[in-house]
Amino acid sequence: MVQQRLKGRSVSPVQGLLIIAGIIFSIIFVSWLERVISLAAGLQYGGMAVWLIIVAEAVAVMRLSVMEFRYTVDDGRFFIERVYGDHARIVHDIPLRDILAVGDQDEIFKKYGNGQSYDKATLRENKLPKKAIAYRRDGADAVRLMLIQPEEPLLHALEDAAAANQ
């Protein structure tokens, strides 16, 4: 079994406090702005704007500092899990026999791309280089593409799987 955790940027305690203070300030400001607009224009649904701001900020904080990916090659499969704190959810489960190629993003996209969309299991804040994999989804003929950021042991395991499928 080969496993790797792809971690995002860490938030220091001071940054965490500043983020929380910013969220609280923005909620207070938006609720005040909602009241002013509702009094001036007579709109009744301004409270929805406050909740939309809260949800947007929570999602932004989760994406920037809490989310991780866990890559695992085990039992003839490549699992990609999205991890939020202690909670993990498998987002991709790829049989190793379906992996066609692993390599540089430009090379794989040129050979297998054809302008199709691709999945990403990468973090912008992480400095590991991005690699592309081409695979068949559930044994179908259509080729899918995905970007990942593997460390050397995981990359070698995936390259070995692709070589065995040639």
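Residues are classed by relative accessible area as buried (under 20%), exposed (over 50%) or partly exposed (in between), with a 1.4 Å probe and protein chains only. The structure is a predicted model, in which local features need pLDDT of at least 70 and side-chain atom pairs count only at pLDDT 80 or more, while totals for chains, interfaces and linings use all residues. Residues are numbered from 1 along each chain as its sequence is written, and side-chain values use heavy atoms, with hydrogens and water left out.

The protein contains four helices and eight strands, taken as DSSP runs numbered from the N terminus (helices: H or I, at least four residues; strands: E, at least two). The order of these elements from the N terminus is β-α-α-β-β-β-β-α-β-β-β-α. Of the 166 residues, 35% are buried. Contacts are defined by heavy atoms within 4.5 Å; of those between residues at least 6 apart in sequence, 60% join residues at least 24 apart.

Four aromatic pairs were found in a search of the whole structure. One of them is formed by Phe 25 and Phe 29, which is stacked because the ring centres lie 6.3 Å apart and the planes meet at 15°. Rings of Phe, Tyr and Trp (its six-membered ring) pair if their centres lie within 6.5 Å, and the planes count as stacked under 30 degrees apart, edge-to-face over 60 and tilted for the rest. Both residues belong to helix 1 (residues 13-41), where Phe 25 and Phe 29 are four residues apart, about one turn of the helix. Phe 25 is exposed, at 58% relative accessible area, whereas Phe 29 is partly exposed, at 41%.

Phe 29 also pairs with Trp 32, in a tilted arrangement with 6.0 Å from centre to centre and 35° between the planes. These two residues of helix 1 are three residues apart, again about one turn of the helix. Trp 32 is partly exposed, with a relative accessible area of 49%. Phe 25, Phe 29 and Trp 32 form one aromatic cluster.
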